[in-house]
Amino acid sequence: MDRELYNSPLNTRYASREMSHIFSDMEKFKTFRILWTELAKAEMELGLNISSSQIKELEENIDNIDFEKAAEYEKELRHDVMAHVKAYGDVAKSAAGIIHLGATSCYVNDNTDIIVMRKALKLVAKKLAVLIKNLSEFAKKYKGLPTLGYTHYQPAQLVTVGKRATLWIQDFLIDLEEIEYRIENLKLRGVKGTTGTQASFLELFDGDHEKVKELEKKIVNSLGFTSAIAVSGQTYTRKIDFQILQALSQIAQSAHKMTNDIRLLQNLKEVEEPFEKNQIGSSAMAYKRNPMRSERIASLSKYVINIAQNPAMVEATQWFERTLDDSANKRLSIPEGFLATDAILDIAINVTSGLVVHEKVIERHVERELPFMATENILMEAVKRGGNRQELHEKIRQYSMIAASRVKDEGKDNNLLELLAKDKDFSITEDDIKNILNPVNYIGRSEKQVEEFLKEIVNFAILDYDTKYRVKLKV
């Protein structure tokens, strides 16, 4: 790292080596050479004057990239693609004259972008699956632990800790479905020529339209895709970039929502992100346990959500067959969108692998609020024992106000149950009320919902993810 120059924190601080490598110069220009080799091979198979020895020399030098030499050529030519054509020709001398035959710069640039993005999407999919697996284990462990639900961040009907986690999982499952869809439906730019008419290739094959179509099909198949986009200008439609960054934006939205919840729960001391033995929460306040990782996820998520607008603007402002005002923007927004999303997922995997649940704190919070929530059940029981529904409802309202004032204004325990038990009109003892107040009676189908959701949906969605996508993964 050169300390005299700016270094992107996405590379130096946040993103994984795997994702950084996918967007490296080495990966980019190796893919250029693969594309040039496959083009020459397909052209040879369709009858052009290209020899198998030339193909062999191209194949043998795919990894043999002299970046310094290419930089010298680019300084001279002011064209990065032609600089690498010449650098490739220097090491594959017999094939130098047939590299890039009939192609335009977008043949390598655009197809490489699609190939690289698909690799990056596969890594994102695997990490999403790991995150979902972590959350599934958490949800299963705490599927029956009652906790206060919150609407408007005010105490509401009870849920369970595990049920709340299923809400996070469901968002990430939607994101995974979107990423999978993008992977499976991503199309190459293909072999389209300078303005998308394939004129140069039609010239090479003496006006044989079928050979031009077969050329594209061969290259698409050799690179592991099912098809190329049907028509293009010079570039593939930049709408594809928007679709991909929108998929990443959705992950960022889900991660931000989850970590907002975790941060709020940490303030309540109910759930905390992992805290290392020697971790410092605050340079001034030694006692603090700040949710730093969740905050970092939220920070990076805002960035991803924001830069997803870049390809939307690029797509909207492209003129006719292409303008070059997409290039600098695309070079920034696409890699950075992936690198930031990769960092979000890595941190989220870390956080969810060690979430700490303070059950006694949760229990205490439930006990403080449950008497108010149980009043309807108490009312029904008292009516069964001969009470007047309207009169008892008014009494509960009055006693609730007294109890609430005691809690809020005096800082004392909630004595609503005691007040109700002492009122003979309710015909209910404290033991009766305690039975009514079992928190499990107020969680509805939470526990079953968790079990069914994990068994019927989640487990199926992340089945065999360790082998589904062949991308090296370290977490």
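UniProt annotations may be inferred rather than shown by experiment, and feature names are shortened. With that in mind, the unreviewed UniProt entry places the feature "domain: Adenylosuccinate lyase C-terminal" at residues 370-454. In this predicted model, the span is 69% helix and 0% strand, and the end C-alpha atoms of residues 370-454 lie 28 Å apart. The domain assignment divides the protein into domain 1 (21-95), domain 2 (107-144 + 169-276 + 291-355) and domain 3 (361-441). Between the centres of domain 2 and domain 3, taken over C-alpha atoms, the separation is 53 Å.

Leu-392, Ile-396, Tyr-399, Ser-400, Ala-403 and Ala-404 of helix 17 are buried. Because these residues cover an arc of only 145° around the axis, they fall on the same side of helix 17. The partners against which the buried residues of helix 17 pack are helix 15 (359-373), helix 16 (375-384) and helix 18 (416-422). On the other side of helix 17, by contrast, Gln-390, Glu-391, Met-401, Lys-408 and Asp-409 are exposed.

The two ends of the helix are also worth a glance. At the start of helix 17, the backbone nitrogen of Gln-390 has a side-chain oxygen of Asn-388 within 3.0 Å; the side chain of Gln-390 belongs to a residue that is itself exposed. Just after helix 17, Gly-411 adopts a positive phi of about 70°.

Definitions and conventions
Residues numbered from 1 in each chain as written. Predicted model: local features only at pLDDT ≥ 70, side-chain atom pairs only at ≥ 80, totals over all residues. Heavy atoms only, no water. Buried < 20%, exposed > 50% of the residue type's maximum accessible area, 1.4 Å probe, protein only. Helix = DSSP H or I, 4+ residues; strand = E, 2+ residues; numbered from the N terminus. Arc of directions from axis to C-beta. Contact = heavy atoms within 4.5 Å. Polar contact = N/O pair within 3.5 Å; in protein donor to acceptor, adjacent residues only side chain to side chain. Domains from an automatic or database assignment.
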